[in-house]
Amino acid sequence: MIATAKVLRVRARNPGAIADAAVAVVAYVQGGQPESGAGLAGYDGRGQARGRARGLGADLVGLRGDVPSEALARLLRGEHAVTGRPLLAAVGKGSAGRVSRVATADDASSGATAGRTADVAGGAGRLKNGAGPAEPRGAEQLTLAEASTFVGVRATYLRRLVRRAAEAAAARAGSADPGNEATNDKRHQADSDAATAVGAGSASASGSRPGESPKADELVGERGADGRWRVRRDELDGWSAQRTPPATVLGYDVVCAAPKSVSLLWAFGDEALRADVAASVDAAVDAVIGYLERHAAFGMVGGVSRQAMGLAVASYLHDVSRSTEAHLHTHIIINAVAVPTEPDNPDLAEAAREEAGSAGGRSRRAGGWDWRAIDGEVLLGHVKTAGYLGAAVLRHELSVRRGVQWGPVRSGVAELAAFPAELLSAFSTRHGEVMEEFAQLVADGFEPSGATAAAAQRGSRAPKRVLADDAVQALQVERLTAAGWTPVGVCALATSTEHRPRPPDERDLADLHDLLAGPLGLTERATTFLRRDIVQRIAAWAADRLDAEAIERLTDRFLADPRVVVLHTTVTGPGHRRRNEPEPPYTVEDLLRAEDTLFALCRQGQVATGAVPRRLVDPARLDQNLAAITATATPVGGGGTDRGESSADQRDAPELSAEQVELVRRLLASQDLVRPAVGPAGTGKTEAMRALTAILHAAGRRVFATAHGGRQAEELADRIGISARVVAGWLTLLDHTDDPADVWPPGSVLIIDEATQIGTREAERLLRYAARTGTVVILLGDPAQLGSVGAGGWFTHLAAHTPDIPALATVHRQAGPDLAPVRAALGALRTPADSAARAPLGAAGADSAPATRAALQRLAADGRLHLADNADALLERAVDDWYAERQGHARTGAGGARPARPAKVRMMAEKHRDVETLNRAARERLTVDGTLTGPVLRTAGREFQAATRSSP
């Protein structure tokens, strides 16, 4: 099953918004079904709407058996499910969420009346339609305690804002000590006259001048002779309208979706089959909850994330989609967790006591535990792994009960082997509906942008309907019949057989360890891994042979394998969160050995360490060649063209900047075996290499080139005019030749472009052959660009530890005033915070966070930064923007302004799976608009199709 999580949050401007949001969540998971259970099926289907209490912490929060709607609503509001007693305090500074449920000590000290406190303690559930408490009649001014109940924030937060406004007004008025009355609150009597003058009900009391909009971080207030701050109701309303409230997290909705074939068994099976499916799904959901309880249930105490005493969960079984397709899935609603507040660690215990003192005097539980909102960062990081585990349990349970067999496991999920693809496709139409709506919107004149894609997602979404069970079943049978099947035929696909899952033996486990610890295992695409990564791999490998306990047991067994190395990190600094039980990263000896060998080859090839000098060009001839190039060179920063896009008639006479000439000089003057150089994209590395190659050819040297990608290698060969292959191509050729010197003669030069994209193991093999044949290796890359698809990072480390590394810094590609913000942002991203470490590469470990934030702010201000809710939405937006840019190039060519030609519009991604997702989505766009037509040729895991016109 696939497990995904949605954060249930709302930006509440008043306490009633929290209550409304909680009601909306309850209505969603219950599918609109009334509490009486009148036989309606709704979105969830077949009377499955009523929630079920699960988790070790359910009893603590008052959840038992069936979960009534009001119980879940209370829990989402941060209250006990039965008594309504507040469990959670206000979330975050100035949150409009849960603060109104309890009268804090600050409220009392600010003069809150007993009646007002009673209104506040009544709970957000009494506030309907987002409205606050009834306004006192004739109240022109409100105390901060009263004002806090209207906007749902703490009185202390409002006090900071009115003080800030008073300080700003005093500063403009020339006050000698504007912070005096703000910072000496206890001496308000001595300062009362000055305070009244500052906040005398005029615009000067705020941080704004007359006619300006109120500021969200300031609030106009007046301080009377009694020392109490008051605000006018109209000023409060203006501030509330201007302010963007922080999001209040009500909880998390973890959705566990069964494979489509299992959903079809549930929809069309007989009672016995449905009972087996229900039991299997139930066991899978328990496995998901159990894993999250063991590894992802944490709450913050004193700034430290402490493991909770279990989860309090309400689960809801749904079995149809909005399109009435068979879609068996379970919603798991998670909110508060109970965490120990008296840890054994003295430092943590002290932190907990400090937090107790700052919590407005809230009392602790006698048993040394208290309620906290679940740590979302930890929870969300484990949801995917929990889904892998649940899917393995589902396969195991259904195989044990019915003897079914499964197809291959992909991304943790497998379909039943007996189900044909066309039957599954008949009940998997959602994606096609979105694409059809998108194509229609584009045909109607809308730009093929991310906004249009979002509109297509919304426009094609079927309205949520409440249908009787018979109506749902009739619609599904109709769809099944249209696909050429009957319910009896579907049931026959799950006929019980003699197959029963066989647990793996010791030989299987030895092969598993070899796989996980090898080049195609856990470090195939990453240098390190976590325990959760092992769980995912073993769950997928197990297919239907293991239950949850066995998978976790095998995970711990693999961690004890001597080939696994634990990496003890001591990461500290800004943004680092303290963890009571941080997850240690691991790696394997195989990868460490490859890294050690690679760096040893680099060191052994240095003249400074005693290596034989490898002179490529006579110094006198080098000076002559460089002098000829320098005669036509431009100053550093000169010119505005892209040096990497030279036309054919310029190839014989490369025009380089002085910076590029110096790079060529240093690379050819060096006598080391391995010669790294750094240059961001657009700085003219390729043009410099073309000049370098010309000099080497004149000296009688052979020059070869390589890159990770086929297109990169082809362009490198075309623009430099040398033999180039992808890295895998060179390694295959060298591995299958009797004498590698026949491929790379001694004294040859290998240029490795975009070295950051080459994995560590592949780089180590290349350098082995280079050292064996005496081939000089020139490494070109930019540590700030994309990393390798495989486990990498070696070039970044090498460049960071190479003193005075040759580098290019002037970007020629983003030319013109329109791209000035882009150039500034790129420069900021590559500028270390420590001025002493402003090397061409930058310093390893330098804190670049301020520069990164400044760069992002520049791009956002220029409209070049776009946010997405999740990774899938981000990739979808990238495809939309790519397609829009491509269409723009096509229209320009068709208009006659210039000849139509393939537009070089590309998408780039760091991870292989993201590349596949982008390619698949791009093909769908091109198929919809008629660019790709005809039959599809599938070979070597890829698809090829004819295009009706030139395409990029």
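A771 touches L601 and L673, leaving aside residues up to four places away in sequence; contact here means heavy atoms within 4.5 Å. This is a predicted model, in which local features need pLDDT of at least 70, side-chain atom pairs count only at pLDDT 80 or more, and totals for chains, interfaces and linings use all residues. Residues are numbered from 1 along each chain as its sequence is written, and side-chain values use heavy atoms, with hydrogens and water left out.

**Around A771**

- A771 is found in helix α29 (residues 760-773). Helices (H or I, at least four residues) and strands (E, at least two) are DSSP runs, numbered from the N terminus.
- A771 is partly exposed, at 33% relative accessible area. Buried means under 20%, exposed over 50%, and partly exposed in between (1.4 Å probe, protein chains only).
- A771 and L673 are 98 residues apart in sequence, yet their C-alpha atoms are 7.6 Å apart in space.

**A sheet and its helices**

- Three strands form an open sheet in the order β4-β6-β5, with antiparallel pairing. Two strands pair if DSSP finds at least two bridges between them.
- β4 (141-143) and β5 (222-223) are the edge strands, each pairing on one side only.
- β4 pairs with β6 (residues 229-232) in the antiparallel sense, over 3 bridges. The bridge partner of L142 in β6 is V231.
- Helix α6 (residues 144-151) packs on the sheet and touches β4 and β6. The direction of α6 makes about 95° with that of β4. Axes are lines fitted to C-alpha atoms, for helices over the stretch in contact, and angles run from 0 to 180 degrees between N-to-C directions.
- Helix α10 (residues 233-242) lies across β4 and β6, and runs at about 75° to β6.

**Salt bridges**

- The count comes to 35 salt bridges. The rule asks for a side-chain nitrogen of Lys or Arg within 4 Å of a carboxyl oxygen of Asp or Glu.
- R77 and E70 meet in a salt bridge, at 3.3 Å from N to O. R77 is buried, with a relative accessible area of 7%. E70 counts as partly exposed, at 36%.
- E552 and R294 meet at 2.5 Å, N to O. E552 lies in helix α22 (residues 548-559) and R294 in helix α12 (residues 271-295), so this pair ties together parts that are 258 residues apart in sequence. E552 is buried at 7% relative accessibility, whereas R294 is partly exposed at 41%.
- E583 forms a salt bridge with R532, with the closest N and O atoms 2.0 Å apart. This pair links distant parts of the chain, 51 residues apart: E583 sits in the loop between β14 (564-566) and β15 (586-588), and R532 in helix α21 (residues 531-542). E583 is partly exposed at 33%, while R532 is buried at 15%.
- A network of salt bridges links R52, R54, D282 and D286.

**Nonpolar cores**

- The largest nonpolar core has 82 residues. Such a core is a set of buried Ala, Val, Leu, Ile, Met, Phe, Trp, Tyr and Cys residues joined through side-chain atoms within 4.5 Å.
- The residues with the most contacts inside this core are L264, L265, V277, L292, I332 and I334.
- Another core, of 32 residues, lies apart from the largest one; V10, A12, L76 and W371 are among its residues.
- Leaving aside residues up to four places away in sequence, the contacts of I332 include Y252, V254, V285, I289 and V313.
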